[in-house]
Protein chains: 2
Amino acid sequence: VEQGVEELLTRGVAEIIVLDEFKQMLASGKPLRLKMGFDPSAPDIHLGHVVGLRKLRQLQALGHTVVLIVADWTAQIGDPSGQSATRRMLSREEVLANAETYLQQFFKIVDKARTEIRWQSEWYGKFGLEDVIRLSSKFTVAQFLAREDFAKRFAAGSPIAITELLYPLLQAYDSVAIEADVEFGGTDQKFNILVGRELQRIVGQPPQQVFLVPILVGTDGVQKMSKSLGNYIGITEPPEEMYGKVMSLADAVMLDYFWLLTDVSQLEIDQMRLQLDAGEVNPRDVKMRLAFEIVSQFHGHQAAEAAAEEFRRVFQRRELPTEIPTVVVDREKYAGKPVPIWDLLLTAGLVKSGMEARRMVSQGAVSVDSARVTEQEPFVEVVPGMVIRVGKRRFARLEFER
Amino acid sequence: VEQGVEELLTRGVAEIIVLDEFKQMLASGKPLRLKMGFDPSAPDIHLGHVVGLRKLRQLQALGHTVVLIVADWTAQIGDPSGQSATRRMLSREEVLANAETYLQQFFKIVDKARTEIRWQSEWYGKFGLEDVIRLSSKFTVAQFLAREDFAKRFAAGSPIAITELLYPLLQAYDSVAIEADVEFGGTDQKFNILVGRELQRIVGQPPQQVFLVPILVGTDGVQKMSKSLGNYIGITEPPEEMYGKVMSLADAVMLDYFWLLTDVSQLEIDQMRLQLDAGEVNPRDVKMRLAFEIVSQFHGHQAAEAAAEEFRRVFQRRELPTEIPTVVVDREKYAGKPVPIWDLLLTAGLVKSGMEARRMVSQGAVSVDSARVTEQEPFVEVVPGMVIRVGKRRFARLEFER
């Protein structure tokens, strides 16, 4: 258990504030209220969210309760990109539909039996101007403009609606409303979650702990995973698509994915790293292991197996075969001058007749070193090692005799 | 009438935005709604407020309506000194009592029959978070921090509560709620009133005109008149006190007071200026005219006459008489050495006996050149021209013989 708790507090964790206090809480045996917010304007869960949700599930396994906040009020304000100061208000029906979508996905990871669902409407539906005045008197403009993204926008002269300063206040008040013991979020939520901690202190509640998970890099290996950047893997995507997207992942980040998104042990991950560094293993094979692990979490082993099989089939069809037959051609005849492609196709045995050769060219099915050859420009010059291809499956590598 | 309107738009006016639009409004003959706010945490009216209230009365005389807003909500926030982020909430009873006090004073200047009284509670009592979000989305943090006092405090690192940004928003919304045509205020209200104008434009109302009056300098002749600085003249102060406070006014600003607070004509004021510059008139006499004009506005002619009489009496009692008897003393005996005060008092004939002299000193009734002489330090050195005083009425100026 000691070992387990140690891993719980380090693996997939960016920062815990205050770590010692949080350890004492866990040791006390008291069931904790783990606050997690959900923005109903973005109901789909992708792997970037899964990093934190896995931590929730691990803590639930120790007897703690997840309190999921349906942020139907703060979703209207928007935070923090500030492209539009306020978003369109979602209708009650849209919020309900999105919440249903989200919860279906959420409970693929989080234990439903140990989850309490709370709507901001419970407290913000009757929130009056007097409450807003009282709440907003607790913090200063300078404190909030110190938040990194606000500071940058303010310095750059980009507009920050006054409403946006309300966002951290309302998120903070959520913690008071549900008496949160711990709030979870990505590292970009540090400021907002600390405001919640401070507000609880001000109103006389025990201040919540801040549990920050790393921001997952998207499939491009560079940017934060996000739906709007198109570099995401949604947890409801079909097995083959999910598998294929993992396979498109930049090699550099695949071990981070093992660390943040799978149960593969630290020891195994370390071994993979050594093997990759030494060139003893094909990165593609490591990534197929990763794809299998991730797909099986959301779709089960059988679907993951099928996705792997499908991937192999498609992969082998699309890529150049590892074995391309070499055809030796007469240097006298071909070196240093353009020759018609039909001549080469016949010589290499890729077509059975000049007729077939012309037909394949006119269909656009003939390429030289991946560049299509056309009827308008049928002449090519032979270069040793050049690959000629006809259709999807016929290849020949041309060489001159030694 | 032309002449009257011209004076209305210039005398006691700092700025009108937009002057041409406002002139057109006046010319249209449509009754205008003149917005004026009142902070029920500060119910007493002093001459600083009177500058604007006189303009309201002048416009009422042309048929326009004053809409007085009892700012029972914004009073809770406080603006803009920022010493305390939010003030204590006034109880309903306190607000009512203060409103009563204020209105009694207000209607000494403004025509009650052409005044509509509105309470912010009408619209803010049911103002919800959704309304706050909608309102605060219309303006940016940078726009508000550009307000001079905010900019200074922000630059100096002084705290600005987020609540304080709500203040201009709520004041602006008041204009929308009452459909103001013109809002009145001191020049320090320019920013807030312009926010109201802008908000009306945003919500599709005709934007209000901004009518700014000068800030009245207090009796010290330097600082803005304000209760907290103690340099104010309240309009409910008794006639004698009011008269005396006007007489304590710095000479340099007394003509401004004529201009801003009396009906004395421009021509007369110009004449006074010429006479004062030429030394043809005693500033004290000009100020007595001012005191009379002001006191009679709030207490009537008779009370003003009585106050003037009382002032003359007290003034002559308190000041050094213009004729102080000179007593020539023996240079041999007194020059260049300390002598006991009783000796001087007897010599000057200010007391009848050494006993009386000692008694007056022990009572603290004896002074030399306005410095009290004590039993502990009874020795003084005679300097030619030195004035010895016993009690309120006995004086002697000491000189050596020529």
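Predicted model: local features only at pLDDT ≥ 70, side-chain atom pairs only at ≥ 80, totals over all residues.
Reader: Thanks! Where does pLDDT stay under 50 in chain A?
Author: Over residues 80-85 of chain A. The model has ten contacts beyond four places in sequence for that stretch, a contact being heavy atoms within 4.5 Å.

Reader: And what is the mean pLDDT of chain A?
Author: The mean for chain A is 89, with 94% of its residues at 70 or more. Confidence in chain A is lowest in helix 4 (residues 74-77), at a mean of 76, and highest in strand 6 (residues 209-213), at 97. Helices (H or I, at least four residues) and strands (E, at least two) are DSSP runs, numbered from the N terminus.

Reader: What are the ipTM and pTM scores?
Author: The model has an ipTM of 0.71 and a pTM of 0.72.

Reader: New topic: how many residues does each chain bring to the contact?
Author: Chain A brings 31 residues and chain B brings 31 residues. Between them the two chains bury about 2600 Å², 81% of it on carbon and sulfur atoms. Buried area is the accessible area (1.4 Å probe) that two parts lose on being put together, summed over both.

Reader: Which residues of chain A lose the most area to chain B?
Author: Those are A:Leu129, A:Ile133 and A:Ile162, together 27% of what that side buries.

Reader: At what angle do helix 7 of chain A and helix 10 of chain B pack?
Author: At about 140°, with the axes of helix 7 (residues 129-136) of chain A and helix 10 (residues 162-178) of chain B 7 Å apart. Helix 7 of chain A and helix 10 of chain B are therefore oblique to each other.

Reader: Which residues of those helices make the contact?
Author: A:Leu129, A:Val132, A:Ile133 and A:Ser136 of helix 7 of chain A meet B:Ile162, B:Thr163, B:Leu166 and B:Leu170 of helix 10 of chain B.

Notes:
Residues numbered from 1 in each chain as written. Chains lettered and ligands numbered in written order. Heavy atoms only, no water. pLDDT = per-residue confidence, 0-100. Axes fitted to C-alpha atoms, helices over the stretch in contact; angles between N-to-C directions. Parallel < 35°, antiparallel > 145°, perpendicular 65-115°, else oblique.
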